[in-house]
Amino acid sequence: MRWLKEGQKQENGDIMVVGEPSILHSAAGHYVGQLYLHFYKDMRPDEQGIPMPYDRLSEYFPNEESAAPLLESIRKENADNQDDYYPEGYTPLLADYYEHCQKTDPRDIVTHPEGVMR
C-alpha cells in the first residue's frame, strides 16, 4: 500500500490521506478500492493515521486473482502520478502532512520534539 504525499485538511481540523488503489477484502468478496488514513486533529505528530475504507472502484470478485487485471489497468492509467505517493511500505505519520495542509490557525500549532510544526 502506498499513500499520497499530500493530505486534505477537513473542516473539523482532521486530515485525510488517500491511498493508491489496491485489492481489498470484505465479507461480500474481493474488490478494487482505496483506503484512506484518518489523522484526528488531537493526535501527536509521531502517530500513524487510522486506515478506513474510502472508495470501491469495482464490483466484487470471487478471489484476488480475478480482481488483479482491473487493478493493473487502473495502475497503468495512473502511471504518470507515481511521484505523488510515498514509497511502498512507508506508513506516513501526522508530521508528514503539516506542510501540505498549511495549518496557519494559532490553535493548530503543535510543539514537536524537532521544533514547532504548523
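The legends below describe close-up views of one predicted protein model. Residues are numbered from 1 along each chain as its sequence is written, and side-chain values use heavy atoms, with hydrogens and water left out. Because the model is predicted, local features need pLDDT of at least 70 and side-chain atom pairs count only at pLDDT 80 or more, while totals for chains, interfaces and linings use all residues.

**Figure 1. The chain as a whole.**
The protein chain has 2 helices and 7 strands. Helices (H or I, at least four residues) and strands (E, at least two) are DSSP runs, numbered from the N terminus. Along the sequence, the order of these elements is β-β-β-β-β-α-α-β-β. Of the 118 residues in the protein chain, 38% are buried. Buried means under 20% relative accessible area, exposed means over 50%, and partly exposed lies in between (1.4 Å probe, protein chains only). Among contacts between residues at least 6 apart in sequence, 54% join residues at least 24 apart. A contact means heavy atoms within 4.5 Å.

**Figure 2. The largest nonpolar core and strand β4.**
A nonpolar core is a set of buried Ala, Val, Leu, Ile, Met, Phe, Trp, Tyr and Cys residues joined through side-chain atoms within 4.5 Å. The largest one has 12 residues: Trp3, Ile15, Val17, Leu24, Tyr31, Leu35, Leu37, Phe39, Met43, Tyr86, Leu94 and Tyr97. Two or more of these residues come from each of β2 (15-18) and β4. Strand β4 gives the most to this core, with 4 residues. Apart from this core lies another, of 5 residues, among them Ile23, Val32, Ala67 and Leu71. Leu37, a member of the largest core, is in contact with Trp3, Ile15, Met16, Val17, Gly49, Ile50, Pro51 and Pro92, leaving aside its neighbours within four places in sequence.

**Figure 3. His38 and its partner Asp14.**
His38 is found in strand β4, which covers residues 29-39. His38 counts as buried because its relative accessibility is 13%. The side chains of His38 and Asp14 make a polar contact at 2.8 Å. A polar contact is a pair of N or O atoms within 3.5 Å; within protein, one must be able to donate a hydrogen and the other to accept it, and residues adjacent in sequence count only if both atoms are side-chain atoms. Not counting residues up to four places away in sequence, His38 touches Asp14, Ile15, Met43, Gly49, Ile50 and Met52.

Tyr60 lies in the loop between β5 (50-56) and α1 (64-77). Tyr60 is partly exposed, at 37% relative accessibility. Leaving aside neighbours within four places in sequence, Tyr60 is in contact with Ser26, Ala28, Gly29, His30 and Tyr31. Tyr60 and Tyr31 are 29 residues apart along the chain, and their C-alpha atoms are separated by 4.9 Å.

**Figure 4. Lys5 and Gln10, on either side of β1.**
Lys5 is in the segment before β1 (8-9), and Gln10 is in the loop between β1 and β2. Lys5 is partly exposed, with a relative accessible area of 32%. The side chain of Lys5 reaches the backbone oxygen of Asp83 at 3.2 Å. From the C-alpha atom of Gln10 to that of Lys41, 31 residues apart along the chain, the separation is 9.5 Å.

**Figure 5. The cavity.**
Rolling a probe the size of a water molecule over the atoms shows where empty space is left. The structure holds 1 cavity of 30 Å³ or more. On a 1 Å grid over the protein atoms alone, a cavity is a set of points where a 1.4 Å probe fits but cannot get out, and lining residues have an atom within 4 Å of a point. The largest cavity has a volume of about 60 Å³, where volume is the space filled by probe spheres set on the points, and grid points are joined across faces, edges and corners. Its lining consists of Arg2, Glu20, Pro21, Arg75, Asn78, Gln82 and Tyr85. By class, the lining has 2 nonpolar, 2 polar and 3 charged residues. Ala, Val, Leu, Ile, Met, Phe, Trp, Tyr, Cys and Pro count as nonpolar, Asp, Glu, Lys and Arg as charged, and the others, Gly among them, as polar.

Technical notes:
On a 1 Å grid over the protein atoms alone, a cavity is a set of points where a 1.4 Å probe fits but cannot get out, and a pocket is an open set with protein on both sides within 12 Å along at least five of seven lines; lining residues have an atom within 4 Å of a point.
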